[in-house]
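Subject: Structure for your files

Dear colleague,

Please find the structure below. My notes on it follow.

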Amino acid sequence: MAKESFNWKGLFINEETEVPVEVNKSQAPINPPTSEITKFPNHATQPISSDSISNPFLKEIFEVYDKGFESLNASGFDFFELYKSVVAVGITNPQSYQMAFTMGKTIQPDLTKQFLLEKANFYVTEIEKVYAKYDTIGKTKKSDLENNLTKEKYNLSKNIEELNTKILQLQNELETKKAEFQKMDSNNIEQFSEIRLKMEANDLAKHKILDSINTVVTGINQYL
């Protein structure tokens, strides 16, 4: 089966308008000077489970969503930056959230918990859209494959049944011909016997009439 290539643009950009999916610019914070941006460490990608051993596409698809998530990031500090910081420091560590939020406030003073939750909901919604799109594509392809397979199986089963019927007919015809062949001698014995007897009778009749004629010829020669 051919491996599909994943188009990041096709995944996370509206393909009809080709305009990147972004948050409302009125809500997006103004991008601060580069010198004021605190660089967060790149978050460590969560290890793929042992399922990747049996599913060779799992790592690739995970990277699709990871890259797509990054492509949704708008300018300024929002949930994405907080997410990366928390994941890098410790996603179950309460202090990592406080640290990331405090750092975010230094970049965007009006940063609020509500804003972060709204942006989180935005990312979740967009990722769900992508999932729904490709889930539909996958189900359609799976359905098409199943339908084609069912059709091919039906056609092959029908052909096999027709061939079996022909084979049975040929076998019956073969047995009939064999029987006819075996009966040929027995069916013609009477005719052969009749012909033989007639040929013998022909010989006897000839000899008898000739003998009779020869006897008369001899008598003529002797008595006349």
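Glu 200 and Arg 196 both sit in helix 6, four residues apart, about one turn of the helix; helices are DSSP runs of H or I with at least four residues, strands are E runs of at least two, and both are numbered from the N terminus. The two residues form a salt bridge with their closest N and O atoms 3.1 Å apart, a salt bridge being a side-chain nitrogen of Lys or Arg within 4 Å of a carboxyl oxygen of Asp or Glu. Glu 200 is partly exposed at 38% relative accessible area, and Arg 196 is partly exposed at 44% (buried is under 20%, exposed over 50%, partly exposed in between, with a 1.4 Å probe and protein chains only).

This is a predicted model, in which local features need pLDDT of at least 70 and side-chain atom pairs count only at pLDDT 80 or more, while totals for chains, interfaces and linings use all residues. Residues are numbered from 1 along each chain as its sequence is written, and side-chain values use heavy atoms, with hydrogens and water left out.

The protein has six helices and zero strands. Of its 224 residues, 19% count as buried.

The salt bridges come to seven. Asp 135 is partly exposed at 24%, whereas Lys 139 is exposed at 55%. Lys 119 and Asp 78 also form a salt bridge, at 2.4 Å between the closest N and O atoms. That pair links distant parts of the chain, with Lys 119 in helix 6 and Asp 78 in the loop between helix 3 (58-71) and helix 4, 41 residues apart. Lys 119 is buried at 3%, and Asp 78 is buried at 1%.

There are seven aromatic pairs (ring centres of Phe, Tyr or Trp, the last by its six-membered ring, within 6.5 Å; planes under 30 degrees apart are stacked, over 60 edge-to-face, the rest tilted). One of them, Phe 79 with Tyr 123, is tilted, at 6.0 Å centre to centre and 40 degrees between the planes. Phe 79 lies in helix 4 (79-89) and Tyr 123 in helix 6 (113-223), so the pair ties together parts 44 residues apart in sequence. Phe 79 is partly exposed at 22%; Tyr 123 is buried at 2%.

The largest nonpolar core has eight residues, including Phe 77, Leu 82 and Phe 115 (a core is a set of buried Ala, Val, Leu, Ile, Met, Phe, Trp, Tyr and Cys residues joined through side-chain atoms within 4.5 Å). Helix 4, helix 5 (94-107) and helix 6 each give two or more residues to this core.

Regards
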